[in-house]
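These are my notebook entries on a structure I went through today, written in the order in which I looked things up. The sequence and the structure come before the entries.

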Amino acid sequence: MKPSQREGVKEIMQAMAYKDTMVGEELERLQLLRELFTAVPDEELLGRLVKQAEHDEAFQRLARLAREETKEILAAEWMRLFEGPGRFPVVLFGSYYLDGGKLMESSTLATRQFYRQYGMEPVANIPADHLAYELGFLGYLTASADMAVDAGGREEFLAARSEFLYRFMLAWTTKMVRVLRESTTIPFFLELGELLLFVIQQMEQKSM
Amino acid sequence: MKELSRRKFIGGSAAAIAAVGFWASGSYAFADGAKKFTDSDPEQAVLGEEKVIYTSDAFCASECGLKVTTVDGVISTIYGNVHVPYNAGTVCAKGSSGKQVVYNPYRLKYPLIRTGNRGEGKFRRASWEEAAKYIAERLEKIKKNYGPESVIMDGGDMTDQTPYWRLFYYYGTPNCAQHGAICDTPRRLGPYLVEGGMRIEPDLMRPALVRQPDGTLKNDFTYKNKLIIYVGWNPFTATRINYESRGTVAAKQNGAKVVVVDPAFCNTAVHADKWLPIRPGTDPDLFAAMLRYILTNNNSSNSERRYIDSGYLDYSIGWPEFETEFRSWWDKKDPVNNLPYFSLEWAAERTGLVAEDIAELAHTFGITKPAALIWGMNGTGHHFNGEVTSVLGTVLNVITGNFDVPGGVIDTALVRSDKGGNDGTDYIKGKVIERVVNGKTITGKSWDLQLDNNGDWPAAFWGALGAYPKQFKDGVKIAYGPFAGYTYPIKGFFVRGGNPAASASTVQRWNEVLTAKEASGDYKTELIVYVDTAYLETGLYADVILPEASYFERMGLSDIYPSEPVMYLRDMVVPPLYEAKNQVEIMNLLAKALHDAGDSDIQGKDFWDKYKKEEDFWNEMLRKAPGRNNVGVPLPYPQYPEGYKILGTPDSLESRQVTIDHDKKVVQGQPLTAEWLRANKGVAVWPMAWYRHMAKSGGIISTKSKKMEFHFGALDAVNKLIQQSGGKVPYMLQQIGLSQFPTTFFWYETVWNPYTNSKYANYKQEYPFQLTSGRIHQSMSATQYVDWLGRISGEHLWMPLNEEKIVYPTVLNEKGVETLSGQKKIRAGTWSIAVIQMNASDARKLGLISGDLVRLRNPMGEETQGRIMASEFIRPGVLRIPPGAGNRFTPGMGQTYEYRQTTPSSNRLLDPDLSSAITGMSSYNDMVVKVLKV
Ligand code: SF4
């Protein structure tokens with residue numbers, strides 16, 4: 001991630017006075033998770049993980065486990081699990097789990113269609129159902145609900161979030177985390193999977 | 001909902017901006033992803049948009065024309081392009097599953113830089129900038145310390161390696177290799193020497209676009225073939241010449257007879273009228289006996305014995321010399337069986353066929369017109385003596401009058417459309433350089449440092465990739481040309497689209513040289529770069545991996561091996577996923593990085609300023625199309641002078657929108673472009689003709705004399721070069737007892753064959769099996785890379801004989817590498833694996849049944865392991881295993897990788913020190929083994 005973009009998030013958070021609100025915390029969680037599933041965690045990201053843990057209990061264990069591993073081990077295992085090269089064990093695209101091991105199948109298209117209903121068009125060069133995209137979209141719906149001009153709008157967005165979680169994310173992330181559990185012994189990555197499920201399941205409950 | 005989102009967000013409020021900001025932030029991979037439809041209805045934007053794109057496949061070397069539909073920017077259907085006569089609308093199981101290559105979760109996505117040891121497969125993600133800088137700096141260091149010639153670029157198995165060649169030729173190395181070097185060069189030698197081409201195929205491509213007596217052009221669907229003999233060639237499985245499979249069936253329906261000569265009852269033999277299960281490595285014996293029979297029994301006044309059509313004497317030179325040399329062997333006795341060379345009894349003894357069958361084949365071939373004698377990769381390309389076979393095969397087709405006649409044979413290399421001109425060959429050939437040789441400064445051309453032609457393989461036309469581990473190990477010793485006496489090491493290896501570490505020479509030797517270290521602990525080969533979409537074995541050794549756009553995400557040109565000039569476009573069907581880039585982008589990016597690293601040989605005017613778009617590069621290549629002379633019957637363009645070179649689009653040539661240059665003898669129509677191809681179903685087809693070699697104006701024959709040469713001018717020239725440089729005899733010629741390259745009929749025995757070469761006779765008892773590897777395109781790497789193709793069985797070599805397997809994932813934790821327990825179960829019999837095909841009687845003798853695991857050991861003590869597939873479909877005493885399908889040790893191969901211990905590798909057992917004497921091709925099919933039960 002380019003620093004300027006990270007700045008952008010911070011600024012937005014501050015400008016919207018999100019710093020210490022519930023929604024602010026949700027967004028921060030999604031943002032962190034999304035980055036942890038996007039590339040090998042670097043020093044800066046691990047630093048933010050520690051900061052997050054200072055005020056967010058849910059992230060404390062992950063932050064502690066990160067400290068227990070060397071940077072090299074985290075990097076090597078991240079690559080082995082999620083990127084390869086070769087047949088890496090944990091694929092982070094929804095359709096892999098929903099469409100029998102294939103990408104860019106009907107569930108990918110349905111995901112993209114869902115984004116579009118909310119005016120969002122993902123970039124073309126990564127299938128739209130990558131975990132990081134979906135987490136980003138959750139954040140988008142969360143922020144939108146919070147900023148909606150009236151209660152009706154807010155409800156619509158929360159309903160959309162709930163629908164998105166049900167139809168897409170929960171359906172495959174639980175499977176993905178199961179594979180992750182079977183594929184690693186490193187506590188940090190086991191916890192990363194559990195934390196992902198915890199965070200989105202909590203959102204699902206709130207949506208209801 | 002739609003309305004709501006517009007009402008809530010499209011107002012441009014701060015809130016909307018914040019929400020979008022959240023979406024757009026995050027990792028760079030998603031950074032530029034937010035696009036908001038502010039003034040149009042999002043659902044109308046692109047939803048459901050259906051597009052048809054004509055393109056060409058590259059899933060195998062056939063490169064069939066395709067018609068691909070995308071819906072909403074995603075590939076939805078893949079069909080054959082009916083307008084490309086090469087495959088005429090057909091597509092195979094692989095071709096139609098191309099989606100699973102593009103959308104393969106395991107494809108290479110980002111540039112990677114090695115973090116572990118070579119061979120370990122540990123990498124980190126890098127940006128393109130970092131990777132390009134890394135490569136450029138090391139290339140510059142190598143150039144400074146050892147000279148640019150110390151880098152080898154291997155362009156792999158694609159027709160579109162041109163941008164990479166250009167980059168490396170401009171960088172200054174003359175050493176650009178390609179997969180052809182380890183494919184079948186011995187098979188091509190005969191055509192190359194005799195008529196300047198390379199690839200003799202039957203006249204089976206239909207429809208053919210033919211000029212009619214009334215001047216119009218029509219598609220002709222008739223098959224004129226009467227007899228086709230396939231020797232060691234299996235077009236029904238090794239699909240490169242796509243039209244041969246459908247064409248053979250059609251010709252048969254039209255009355256043609258088909259004979260298949262092969263140790264195995266291969267898929268092509270299934271369609272044959274007669275199958276002759278020959279002993280491996282004896283194809284030249286069969287051809288020599290046929291030629292002797294034809295020369296002996298030919299009688300021009302007896303219609304039952306009129307084998308030879310003496311017309312060839314008008315357009316050839318050197319026949320009397322060839323015939324005299326050939327006949328001079330007839331009185332000699334073969335030490336192996338004490339029978340006169342090339343006699344029927346001699347051939348029967350050696351080939352294991354019946355003498356009457358050989359006589360009948362020779363007679364039938366001689367008397368049937370038109371007929372086609374075709375030899376292939378398996379039989380000739382992969383045997384040490386394939387060079388002898390291909391010369392005799394060419395001669396047999398020519399003297400019987402079957403060359404370029406309807407229903408006969410066509411050298412497709414001589415008639416395909418021209419393309420190219422921008423690969424940098426002219427640049428490197430003209431580049432003047434200096435090197436200090438034995439204390440003296442010598443001036444010459446960069447090209448004079450080419451490692452093959454000035455080193456061990458002065459007559460090789462495509463290099464000797466299979467022999468390269470020797471050069472990595474010992475360095476290059478220039479023996480010929482102005483720099484004779486100069487030596488240099490190999491320090492850089494840039495591999496794109498090929499997998500030499502698993503397919504050229506032995507796996508063991510490549511592993512040895514690519515991981516060899518200096519005393520200092522640094523790797524001897526200072527830089528290895530691997531560029532591909534899939535992660536194959538060579539990638540394991542790379543310092544840098546670059547993800548190349550898959551064939552649906554990049555452009556290119558296809559013109560494979562048609563019987564008339566045809567050119568079709570590989571077009572971008574979808575934009576590259578992840579961070580993959582196309583070849584032109586990679587060329588420009590690396591060129592820029594080299595330039596920035598201080599390389600003054602690389603300038604913007606030759607790269608990024610010249611080829612601003614990918615298309616610019618391919619358009620430049622298309623300007624040469626079709627580039628063939630207006631010759632043959634019926635004359636392709638009766639409206640233009642005969643013999644003139646034809647250039648430009650088919651429609652401009654038809655409508656006479658041309659300029660004619662009478663001095664240069666060129667008819668120039670509108671230059672062909674990618675845009676024209678797009679507007680015309682992706683393909684340009686120019687008219688077919690026959691008898692193109694007979695044209696008074698020179699026709700298609702491309703030898704120096706412009707005549708068919710039975711005295712080989714090409715090898716004469718090499719001998720002269722050797723003489724001028726002090727006369728050092730290349731080591732492989734020495735091995736077979738020759739002091740110079742043969743310039744007319746020649747004969748030498750194949751290696752590791754106890755039945756034909758007395759040197760190996762004593763291996764017969766202890767190593768009772770001859771090992772061959774039948775080339776099957778259906779089992780190439782890319783096939784197993786797609787899971788559902790990996791389940792399909794094919795031709796006894798690739799069977800669902802896998803054992804049940806529990807896959808234990810290996811993990812890295814605080815203890816280092818640890819293997820987990822009980823994870824994934826692969827059920828027995830669900831995955832097609834490479835097997836060892838064995839005759840059932842041999843299996844019975846050894847007490848083996850299908851599925852039994854055995855070890856094969858060769859006389860050098862090398863071993864490979866695999867399961868037996870026992871059947872009647874192979875000659876006793878012969879084992880066949882598929883090349884490249886077994887023992888895959890890259891995790892990029894998925895489930896096939898899991899079976900690497902129980903699937904055999906033919907490459908482990910070949911003799912890495914014996915490459916064919918003239919062309920330098922690995923002898924994949926010459927080995928004897930014993931079978932040991934596991
Ligand atoms: S034969 Fe080869 S090029 Fe043709 S469709 Fe099949 S895989 Fe593609």
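**Entry 1, salt bridges.** I began with B:Asp220 and B:Lys224, whose side chains meet in a salt bridge at 3.9 Å, N to O, where a salt bridge is a side-chain nitrogen of Lys or Arg within 4 Å of a carboxyl oxygen of Asp or Glu. B:Lys224 counts as partly exposed because its relative accessibility is 36%, the classes being buried under 20% relative accessible area, exposed over 50% and partly exposed in between, with a 1.4 Å probe and protein chains only.

Before going further I noted that this is a predicted model, in which local features need pLDDT of at least 70 and side-chain atom pairs count only at pLDDT 80 or more, whereas totals for chains, interfaces and linings use all residues. I also noted that residues are numbered from 1 along each chain as its sequence is written, that chains are lettered from A and ligands numbered from 1 in the order in which they are written, and that side-chain values use heavy atoms, with hydrogens and water left out.

How many salt bridges does the rule give over all chains? The count comes to 66. I kept in mind that side chains of opposite charge can pair when their charged atoms come close.

I then looked up B:Arg554 and B:Glu548, which form a salt bridge of 3.3 Å, N to O. Are these two residues buried or exposed? B:Arg554 counts as buried because its relative accessibility is 4%, and B:Glu548 is buried as well, with a relative accessible area of 3%. Both belong to a network of salt bridges that links B:Glu63, B:Asp160, B:Arg496, B:Glu548, B:Arg554 and B:Arg570.

I found B:Arg187 in a salt bridge with B:Glu201, the closest N and O atoms being 3.4 Å apart. This pair links distant parts of the chain, 14 residues apart, with B:Arg187 in helix H9 (residues 185-195) and B:Glu201 in strand E8 (residues 200-202) of chain B; helices (H or I, at least four residues) and strands (E, at least two) are DSSP runs numbered from the N terminus. B:Arg187 counts as buried at 3% relative accessibility, and B:Glu201 is buried at 0%. H9(B) is mostly covered, with 10 of its 11 residues buried, and just after H9(B) I noted that B:Gly196 takes a positive phi of about 80°.

I recorded 10 helices and 0 strands for chain A, and buried residues make up 61% of its 208 residues. For helix H5 (residues 71-83) of chain A I checked the length: its 13 residues should span 18 Å at 1.5 Å a residue, and the end C-alpha atoms are 17 Å apart, which agrees; the expected span is 1.5 Å times one less than the number of residues. Among the buried residues of H5(A) are A:Trp78 and A:Phe82, and just after H5(A), A:Gly84 takes a positive phi of about 85°.
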